[in-house]
Amino acid sequence: MIWSSFIGENYAELIVKFNDGRLGPNFEHLKPMLDNDGGHGMIFSDSKNSYFTYHTPNKRSFEHPEFRLIEDNGDSINIK
């Protein structure tokens, strides 16, 4: 699961892995997916690739979307 919060003063996109594969209390926080002032992320795919989109920076009137290729390695999600 991905979710947005803050690390210090930067908006961040974080990853939680449910250890039994089900939504519930048995989870661990993984390495942040993004920690340089971006958030409200979504993941989508086309027929060949998976993408992560988010807004950055977290400053009104300056926010814009970013689209990045991602890789799901089974244990985490990494931005390429």
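Tutor: What follows begins with that sheet, turns to its aromatic pair, and ends with the nonpolar core and the other sheet.

This is a predicted model, in which local features need pLDDT of at least 70 and side-chain atom pairs count only at pLDDT 80 or more, while totals for chains, interfaces and linings use all residues. Residues are numbered from 1 along each chain as its sequence is written, and side-chain values use heavy atoms, with hydrogens and water left out.

Three strands make up an open sheet in the order 1-2-3, and their pairing is antiparallel; strands here are DSSP runs of E with at least two residues, numbered from the N terminus, and two of them pair if DSSP finds at least two bridges between them. Strand 1 (2–7) and strand 3 (27–29) stand at the edges with a single partner strand each, so one side of each has no neighbour in the sheet. From one strand to the next the twist averages 35 degrees, the axes being lines fitted to C-alpha atoms and the angles running from 0 to 180 degrees between N-to-C directions.

Strand 1 is joined to strand 2 (residues 10–18) by six bridges, and the two run antiparallel. Phe6 stands opposite Tyr11 in strand 2, and these two residues also form an aromatic pair, tilted, at 5.0 Å centre to centre with 45 degrees between the planes. Rings of Phe, Tyr and Trp (its six-membered ring) pair if their centres lie within 6.5 Å, with planes under 30 degrees apart counted as stacked, over 60 as edge-to-face and the rest as tilted. Phe6 counts as partly exposed because its relative accessibility is 48%, whereas Tyr11, at 9%, counts as buried; buried means under 20% relative accessible area, exposed over 50% and partly exposed in between (1.4 Å probe, protein chains only).

Ile15 touches, among others, Leu30, Met33 and Ile77, not counting residues up to four places away in sequence, where contact means heavy atoms within 4.5 Å. Ile15 also belongs to the largest nonpolar core, whose eight residues include Leu30, Met33 and Ile77; such a core is a set of buried Ala, Val, Leu, Ile, Met, Phe, Trp, Tyr and Cys residues joined through side-chain atoms within 4.5 Å.

Ile77 leads on to the other sheet, for in strand 7 Ile77 is the bridge partner of Asp72. Strand 6 (residues 64–72) and strand 7 pair in the antiparallel sense over three bridges, within an open sheet of four strands in the order 4-5-6-7.
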